[in-house]
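Visitor: Please take me on a close look at one part, the inside of this protein. I would like the cut-offs behind each term as we go.

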Amino acid sequence: MKDYEKEVSLEELSYELDVMLEAMLLNAGVKRNKLEEACELYVENIDDVLQSLDKSVDGVDEILAVVEYLRKNHAELFDK
């Protein structure tokens with residue numbers, strides 16, 4: 001097996017995470033023409049949303065909480 005950590009640059013990893021965020025938001029129902037705005041809002045609000053969560057919420061549930069925050073506070077981003 002290759003030493004993946006040494007072969008992937010920070011730029012490549014950042015690109016992959018951007019693509020994954022876009023895919024996740026599209027799958028959650030974000031309109032394609034609102035995707036850039038949704039990504040920006042996700043990043044801008046993640047810390048505040050995570051701070052407001054119960055300490056028992058972690059991992060995937062944290063990500064889902066941020067998506068739910070966007071649904072509740074920025075419904076215009078989502079298909080109905």
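Guide: The accessible surface of the protein comes to about 6,400 Å², and carbon and sulfur atoms own 52% of that surface. These areas come from the Shrake-Rupley method with a 1.4 Å probe, and for residues only the protein chains shown count as cover. You are looking at a predicted model, in which local features need pLDDT of at least 70 and side-chain atom pairs count only at pLDDT 80 or more, while totals for chains, interfaces and linings use all residues. Residues are numbered from 1 along each chain as its sequence is written, and side-chain values use heavy atoms, with hydrogens and water left out.

The protein has 4 helices and 0 strands, running α-α-α-α from the N terminus on. Helices (H or I, at least four residues) and strands (E, at least two) are DSSP runs, numbered from the N terminus. The C-alpha trace spans about 45 × 35 × 20 Å along its principal axes. Of the 80 residues in the protein, 25% are buried; buried means under 20% relative accessible area, exposed means over 50%, and partly exposed lies in between (1.4 Å probe, protein chains only).

Here is the part you asked for. The largest nonpolar core has 17 residues. Such a core is a set of buried Ala, Val, Leu, Ile, Met, Phe, Trp, Tyr and Cys residues joined through side-chain atoms within 4.5 Å. α2 (10–27), α3 (35–52) and α4 (60–73) each supply at least two residues of this core, and α3 gives the most, with 6 residues. The residues with the most contacts inside the core are Leu25, Val30, Tyr42, Leu70 and Phe78. In soluble globular proteins, nonpolar side chains tend to be buried together.

Let us follow Leu25. Leaving aside its neighbours within four places in sequence, Leu25 is in contact (heavy atoms within 4.5 Å) with Val30, Leu35, Ala38, Cys39, Tyr42, Val67 and Leu70. For the protein as a whole, 55% of the contacts with a separation of 6 or more are between residues 24 or more positions apart.

α2 has 18 residues and reaches 26 Å from its first C-alpha to its last, close to the 26 Å expected at 1.5 Å a residue; the expected span is 1.5 Å times one less than the number of residues. Asp18 sits in helix α2 and is partly exposed, with a relative accessible area of 44%. Just after α2, Gly29 takes a positive phi of about 110 degrees.

α4, with 14 residues, reaches 20 Å from first C-alpha to last, close to the 20 Å expected. Its buried residues are Ala65, Val66, Val67 and Leu70, and what covers them includes α2 and α3. In the segment after α4 comes His74, which counts as buried because its relative accessible area is 17%. Beyond its neighbours within four places in sequence, His74 is in contact with Leu41 and Tyr69.

Ser9 counts as partly exposed because its relative accessibility is 31%. Ser9 and Glu44 are 35 residues apart in sequence and 24 Å apart in space, C-alpha to C-alpha.
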